[in-house]
Amino acid sequence: AQALPEPFVVVPKANAAPVVDHRRESMYDQATKLELRHYTTGEAPRKTTCVEMLRDQQAVYIFFTCSDPRPETLRTVVTARDGRVWEDDCVEVLLTDGLRRGPVIHVIVTASGVCFDEEDGNASWDGTWQSSAGRSPAGWVAELAIPFADLGVETPVPVLKGNLCREEKELGELTSWAPAPAGFADRSGFAHFALCSRAEFAQHT
């Protein structure tokens with residue numbers, strides 16, 4: 001059998017586009033589920049993060065469930081879009097075309113819903129992606145819809161590369177899905193998201 005690049009995950013197709021309102025819909029029951037781990041050591045964090053992913057012809061949909069037993073400690077100071085949101089409790093998504101070298105889209109959403117986006121480090125770029133965040137009984141959640149148009153790829157693109165990350169401020173935990181010893185934005189550490197079947201992914205890699 002052909003060895004496939006690791007890590008990779010197959011992202012299933014949604015029956016309908018979820019409403020981006022940080023209320024988890026039942027369609028996410030069919031989503032790919034990923035757990036974030038310490039970005040350099042791979043150890044399990046004290047505050048867990050589950051990420052669920054779906055796709056359709058227009059976008060990828062990502063739902064973060066961030067545990068935090070002491071939500072009163074969440075840091076939510078930044079209020080300006082494209083401000084220093086990484087200084088607050090936040091989640092991050094980095095995505096790029098998985099078959100050719102294209103721009104890296106980096107989006108951040110804080111626990112209070114403040115957004116940041118950049119393309120290849122250019123923070124003046126503004127995408128058409130959507131997001132929503134809010135508190136939950138066990139911590140906080142964030143939901144994102146990132147259209148393929150923001151990535152500059154033709155649809156449907158079969159493979160994306162990137163990473164999913166969280167910055168937790170009380171304990172200083174930095175977690176990601178793919179190991180990121182050189183930092184979240186280091187594209188050499190990006191993992192594969194297969195927006196197709198495992199067999200089709202094997203043909204593309």
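The sulfur of cysteine 115 lies 11 Å from the closest cysteine sulfur, that of cysteine 90, which is too far for a bond. The sulfur of cysteine 165 likewise has its closest cysteine sulfur in cysteine 90, at 9.3 Å, and this too is too far for a bond. The model is a predicted one, in which local features need pLDDT of at least 70 and side-chain atom pairs count only at pLDDT 80 or more, whereas totals for chains, interfaces and linings use all residues. Residues are numbered from 1 along each chain as its sequence is written, and side-chain values use heavy atoms, with hydrogens and water left out. A search of the whole structure finds zero disulfides, a disulfide being a pair of cysteine sulfur atoms within 2.5 Å. Cysteine 115, at 13% relative accessibility, counts as buried, as does cysteine 165 at 0% (buried means under 20% relative accessible area, exposed over 50%, and partly exposed in between, with a 1.4 Å probe and protein chains only).

Histidine 22, although not a glycine, has a positive phi of about 55 degrees; this residue is found in the loop between strand S1 (8-10) and strand S2 (32-35) (strands are DSSP runs of E, at least two residues, numbered from the N terminus), and is partly exposed, with a relative accessible area of 24%. Aspartate 82 also has a positive phi, near 60 degrees, and is found in the loop between strand S5 (59-67) and strand S6 (90-97).

Strand S2 has a covered face, formed by Thr32 and Leu34, and an uncovered one, formed by Lys33 and Glu35. S2 pairs with strand S4 (residues 49-55) in the antiparallel sense over four bridges, where pairing requires that DSSP finds at least two bridges between two strands, and the bridge partner of lysine 33 in S4 is glutamate 52.
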